[in-house]
Amino acid sequence: MNIGMTLTKFLLEEQRRVPGSKGNFTAFFSDLVVAAKIISREVNRAGLIDILGAAGNQNVHGEEVQKLDEYANSMFIKTMEHGGHLSGMASEEIDEIIKVDPRYPRGKYLLLFDPLDGSSNIDVNISVGTIFSILKCNPECDLTEKDFLKAGVEQVCAGYILYSSSTMFVYTTGHGVHGFTLDPNVGEFLLSHENIRIPERGKIYSINEGNSRHWLPGTSLYIEKLKNDEKNYTARYVGSLVADFHRNLLKGGVFLYPADRKSINGKLRLLYEANPLSFIVEQAGGKASTGDKRILDIVPEKLHQRVPLIIGSKKDVEEAESFWQYREA
Ligand code: AHG
Ligand code: MN
Ligand code: MN
């Protein structure tokens, strides 16, 4: 391990390898790191202050908004819009695109994010996270929703912050996946997981089995196959995508929130959850699919579009895909 390598230093070094780079991206990323530290602090003391529980309203997906969701959402927006690096943002919690306040200069990036993933776990002290995706845009043009509707292959960076026994920042800019752990005494994210590679095959499967009565036949057959496999698969499901994903990234395995009879498009959102994690998993040598299509090739039609997601170790995802032919009864 490279002791004392902070996230900001690491980025600077990455950037120096890009000829002609002016450091805009590094400065932008530093704002992101500040937002991550502030949200991490609030999550860690959530039980001590009046920030737990429901805010009393629903978000655009009809889900109950938790107070910490709202906090993380507005903290992200406030921290990021000043910098002059962004033209706009899109949040899982907000219906419309967010244009950067005209008081601030506009920049060439767009930030899309799930401010708090796994919100149903907040009140019970279980790992949650923030997921983000970064796209480029033309700062001269009038910004519309269309500027955000880009296939995942166009992301320039994606990452997540996992608030857990430690806080971790994991990201990719298309040159491998790197993980940093927040040292609370130093107040910095330090390099702890350089160039993460997901095992080609794992032994973990993660799916909400409570939905099994709605599953399409292919999903039932696949899960049955894993249960009877001599490799001794084990089930692990936190219910926070970011935590389930992180575990499988490090240990190998497959996470599924597939299309089923109740939700034909699955549950997870393409732009805030599936795309960023798919970029990361591919950079780590894994795979992400809807069952028959690569997630990163999907051209979104709507900002809050949902998508079926099968993500993780390459061979496991390929095996799950091979059951797609049995999707109809
Ligand atoms: P969010 O908290 O951002 O709304 O996301 C919740 C998601 C995801 O974190 C998790 O994998 C999934 O919902 C769990 O859903 P089920 O409770 O239906 O299994
Ligand atoms: Mn989420
Ligand atoms: Mn969320």
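Modeller: Angles under 35 degrees between axes count as roughly parallel. Keep that in mind for this predicted model.

Biologist: Okay, why are H5 and H6 called roughly parallel to each other?

Modeller: The axes of helix H5 (residues 241–251) and helix H6 (residues 270–283) cross at roughly 10 degrees. That is under the 35 degrees cut-off, so H5 and H6 are roughly parallel. Their axes also come within 12 Å.

Biologist: And what makes up the contact of H5 with H6?

Modeller: Leu-241, Phe-245 and Leu-249 come from H5, and they meet Glu-273, Leu-277, Ile-280 and Val-281 of H6. By class, that's six nonpolar residues, one charged and no polar ones.

Biologist: On to ligand 1. How do you know that Tyr-237 makes a polar contact with ligand 1?

Modeller: A polar contact needs a pair of N or O atoms within 3.5 Å. A polar side-chain atom of Tyr-237 sits 2.5 Å from an oxygen atom of ligand 1, so the pair counts. Asp-117 has a side-chain N or O atom 2.7 Å from an oxygen of the ligand, and for Lys-267 the value is 2.9 Å.

Biologist: How much of ligand 1 does the protein bury?

Modeller: Taken alone, ligand 1 exposes 470 Å², and the protein buries 85% of that.

Biologist: Which element gives the most to the shell around ligand 1?

Modeller: Strand E5, with three residues. Strand E5 (109–117) and strand E13 (254–257) are the elements that give two or more.

Biologist: What classes of residue are in that shell?

Modeller: Six nonpolar, five polar and seven charged.

How values were computed:
Residues are numbered from 1 along each chain as its sequence is written. Chains are lettered from A and ligands numbered from 1 in the order in which they are written. This is a predicted model: local features need pLDDT of at least 70, side-chain atom pairs count only at pLDDT 80 or more; totals for chains, interfaces and linings use all residues. Side-chain values use heavy atoms; hydrogens and water are left out. Axes are lines fitted to C-alpha atoms, for helices over the stretch in contact, and angles run from 0 to 180 degrees between N-to-C directions. Helices (H or I, at least four residues) and strands (E, at least two) are DSSP runs, numbered from the N terminus. Angles under 35 degrees count as roughly parallel, over 145 as roughly antiparallel, 65 to 115 as roughly perpendicular and the rest as oblique. Contact means heavy atoms within 4.5 Å. Ala, Val, Leu, Ile, Met, Phe, Trp, Tyr, Cys and Pro count as nonpolar, Asp, Glu, Lys and Arg as charged, and the others, Gly among them, as polar. A polar contact is a pair of N or O atoms within 3.5 Å; within protein, one must be able to donate a hydrogen and the other to accept it, and residues adjacent in sequence count only if both atoms are side-chain atoms. Accessible areas come from the Shrake-Rupley method with a 1.4 Å probe; for residues, only the protein chains shown count as cover.
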